[in-house]
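Please keep the coordinates open while reading.

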Amino acid sequence: MRKADRDEVAAASGKTPADALRFSLGKSSAAWTAFIDGRPELMFGVADLNILAGIGAPWLLGTEAVERHYVAFLRGSVGWRDQLLQRYPVLRNFVDDRNTVSKRWLAWLGFRLLDPVMFGGHAFRLFELRSSDVRYHDGAHGRLDAVGRGRRGAAGSGDGGGQSL
């Protein structure tokens with residue numbers, strides 16, 4: 001697991017990387033593993049925060065390989081975000097304020113990041129995206145996209161199994 005994710009997991013829960021993955025998978029209503037060159041390098045999913053209100057908590061933990069293959073990762077993450085927004089009207093979770101790469105990625109996807117709050121001696125930011133914050137990019141493919149962001153060739157659909165980047 002990349003250092004920023006290990007640090008975030010430790011600050012938020014005190015769990016080891018393996019325990020954090022097991023916990024996240026156990027709480028998830030849907031989860032995926034991305035393989036790069038045949039190796040599992042990224043796990044991500046969503047847990048139900050409030051099933052009646054349709055609020056899901058997306059999570060993602062990866063290795064340094066994700067940053068080396070960032071173009072494929074970015075394209076795939078747009079598809080993942082779109083799929084989740086079709087199931088959950090609101091996506092919400094926290095990110096470690098020190099995790100600048102993840103904060104930049106979340107903002108790129110269209111998430112709003114709120115002011116930091118202290119938790120366990122560390123600053124975290126709530127991030128949120130509502131389906132009302134997105135629009136259809138093009139009617140032909142029915143893809144959702146964050147307002148003001150033009151995307152072509154967005155990849156990524158998950159069936160719950162492994163998916164290569």
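## Fold, aromatic contacts and pocket

Of the 165 residues in the chain, 42% are buried. The model is a predicted one. Its secondary structure comprises five helices and nine strands. Read from the N terminus, these elements follow the order α-α-β-β-β-α-α-β-α-β-β-β-β-β.

### Aromatic pairs

How many aromatic pairs does the structure hold? There are six aromatic pairs in the structure. One of them joins Phe44 and Trp80 in an edge-to-face arrangement, with 4.9 Å from centre to centre and 75 degrees between the planes. Because Phe44 belongs to strand 2 (residues 39-50) and Trp80 to helix 4 (residues 70-87), this pair ties together parts of the chain that lie 36 residues apart in sequence. Phe44 has a relative accessibility of 10%, so this residue counts as buried. Trp80 has a relative accessible area of 8% and is therefore buried, the cut-off being under 20%.

Phe73 and Trp105 form another aromatic pair, in this case a tilted one, at 5.3 Å centre to centre and with 40 degrees between the planes. This pair also links distant parts of the chain, as Phe73 sits in helix 4 and Trp105 in helix 5 (residues 100-109), 32 residues apart. Phe73 and Trp105 are both buried.

The two pairs are set out in the table.

| Aromatic pair | Arrangement | Centre to centre | Angle between planes |
|---|---|---|---|
| Phe44 and Trp80 | edge-to-face | 4.9 Å | 75 degrees |
| Phe73 and Trp105 | tilted | 5.3 Å | 40 degrees |

Which residues make up the aromatic cluster? Trp32, Phe44, Phe73, Trp80 and Trp105 form one aromatic cluster.

### Contacts of Ser13 and Lys15

Ser13 is part of helix 1 (residues 3-13). With a relative accessible area of 41%, Ser13 is partly exposed, because this value falls between the cut-offs of 20% and 50%. The side chain of Ser13 reaches the backbone nitrogen of Lys15 at a distance of 3.1 Å. Lys15 in turn places its charged end over the ring of Phe23, 4.8 Å from the ring centre. Ser13 can also be located relative to Phe119: 106 residues separate them along the chain, while their C-alpha atoms are 10.0 Å apart.

### A loop residue with positive phi

Asp37 is located in the loop between strand 1 (28-36) and strand 2. The phi angle of Asp37 is near 55 degrees, a positive value in a residue other than glycine. Is Asp37 buried or exposed? Asp37 has a relative accessible area of 73%, and because exposed residues are those over 50%, Asp37 is exposed.

### The largest pocket

The largest pocket has a volume of about 1,200 Å³. A total of 48 residues line this pocket, and those closest to its centre are Glu8, Trp59, Leu60, Asn93 and Phe94. Which element supplies the largest share of the lining? Helix 5 does, with seven residues. By class, the lining of the largest pocket consists of 30 nonpolar, eight polar and ten charged residues.

Terms used
Residues numbered from 1 in each chain as written. Predicted model: local features only at pLDDT ≥ 70, side-chain atom pairs only at ≥ 80, totals over all residues. Heavy atoms only, no water. Phe/Tyr/Trp six-rings, centres within 6.5 Å; stacked < 30°, edge-to-face > 60°. Helix = DSSP H or I, 4+ residues; strand = E, 2+ residues; numbered from the N terminus. Buried < 20%, exposed > 50% of the residue type's maximum accessible area, 1.4 Å probe, protein only. Lys NZ or Arg CZ within 6 Å of the ring centre and 35° of its normal. Polar contact = N/O pair within 3.5 Å; in protein donor to acceptor, adjacent residues only side chain to side chain. 1 Å grid on protein atoms, 1.4 Å probe; cavity = no way out; pocket = protein on both sides within 12 Å on 5 of 7 lines; lining within 4 Å. Points joined across faces, edges and corners; volume = space filled by probe spheres on them. Nonpolar A, V, L, I, M, F, W, Y, C, P; charged D, E, K, R; others polar.
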